[in-house]
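This briefing is meant to be read beside the sequence and the coordinates. Please keep both in view while going through the points below.

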Number of protein chains: 2
Amino acid sequence: MPTDPSTVTAAVLVIGDEILSGRTKDKNIGTIADYLTAIAIDLREVRVVPDEADAIVDAVNALRARYTYVFTTGGIGPTHDDITADCVARAFGVGIDVDERARAMLLERHRPEDLNAARLRMARIPFGADLIANPVSKAPGFRIGNVYVMAGVPTIMQAMLDEIGPTLATGVRMLSETVEAGDLPEGRFASDLSEIAAAHGSVAIGSYPSITAEGFRNKIVVRGRDADAVERARQEVVAMLARLRR
Amino acid sequence: MPTDPSTVTAAVLVIGDEILSGRTKDKNIGTIADYLTAIAIDLREVRVVPDEADAIVDAVNALRARYTYVFTTGGIGPTHDDITADCVARAFGVGIDVDERARAMLLERHRPEDLNAARLRMARIPFGADLIANPVSKAPGFRIGNVYVMAGVPTIMQAMLDEIGPTLATGVRMLSETVEAGDLPEGRFASDLSEIAAAHGSVAIGSYPSITAEGFRNKIVVRGRDADAVERARQEVVAMLARLRR
């Protein structure tokens, strides 16, 4: 599909050994993908990297140069393996220190005598960043440039995403229509579908098989930003399937 | 944790618009992560890219240069949006055509008169590649160099992974011990844990919070390849938690 100049793009960067070891199964990628699709931002790439400074810095810099927005999850807690804030500061070439606004947020949850050095790590924010409120456990995320740094715990990440959402520039909404191909095999409709796709360059047409208890089932998805174009392609797909089922 | 020279590394490349749009929730990353951890291969990076040739070629080339193995999922079906095989051929700078071994596999499932042009796309294999058998639906995956190309449908991907597993060089097994920190807050044990981590350089120690119906619960995970070192660090973590709970 040709790139629309009004397209707003994004990448997700998941930071955490626990995802790469399989110990934790990521839920944030799917949540962010759904969220961005709903507000017409095109998620173009996802990366998962370990809790290692060079890997995080390199990924932040590669992605922030390429996409409108970068959303990171993970690594902003109080323990020694939480190094995301420091790495993002390094990626941007700025300093980092305890931020008084962030300290005030932590004091909403912790008594002053409990705000030890480890917890204060959660108030370390790169210079020049805006904070992202955390209604669940107070320790904030932050935004610097086009990079949004969020927690890895799914409920906190979702709350932060809700904070961020209204502030984002959004694109022209991507419309999506699904046509059930049922048990008609992909191999039966693939060449006709290819012709429809070629004739409708402004939409993206995908075919998605899954295995159910009854065997293979296929869905054809037509996506695009022009409602009329999506509808024209969808009708051709429906007609094609009816013809092949005859 | 210092890199062990005997470490065997891997990356996963998930190919598919449907993951980035949120329409399909990926299950393969977690499955491959578990599988590789079990056979002592270090999964070091995951990328998800759209069904676009340049994005796929760039990711294949970036990852295959960096890691021992690259495992791709998605994009090897019969429809026009399945472009993984062509992109992998391009990444390696080799030709691609219908492979007679692959055609024979497809003929185990399809009658010759049903093996149309679209289905034959599934037999297009880069020159010099080995095939990966697909016991579920016959259309094979393949290996070229250090890149393993698998289906996106989870049950087929898992079957292909089982085919590949015994052929892989494996590293020294990564051992993992989990210590339940219960409701003891991360902020209470973070600085002690940091000292333990600093004193045990040959192991990686992570702290993982989750939110349960009863509130935050924390787990501390000690990982390493030397059983004695892991056990020594684990005992210090246990003693530290007992001391803080007193």
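**Helix H8 of chain B**

The model is predicted, with local features needing pLDDT of at least 70 and side-chain atom pairs counting only at pLDDT 80 or more, while totals for chains, interfaces and linings use all residues. Residues are numbered from 1 along each chain as its sequence is written, and chains are lettered from A and ligands numbered from 1 in the order in which they are written.

- H8(B) bends by about 30° at Asp192(B), the bend being the angle between axes fitted to the seven residues ending there and the seven starting there.
- Among the buried residues of H8(B) are Phe189(B), Leu193(B) and Ile196(B); buried means 20 or more other C-beta atoms within 10 Å of the residue's own, exposed 12 or fewer, and partly exposed in between, with C-beta atoms placed from the backbone.

**Positive phi in loops of chain B**

- Ala40(B), in the loop between helix H2 (28-38) and strand S2 (42-49) of chain B, is a residue other than glycine with a positive phi near 65°, and it counts as partly exposed because it has 18 C-beta neighbours inside 10 Å.
- Lys138(B), in the loop between strand S6 (130-132) and strand S7 (141-144) of chain B, has a positive phi near 80°.

Technical notes. Helix = DSSP H or I, 4+ residues; strand = E, 2+ residues; numbered from the N terminus.
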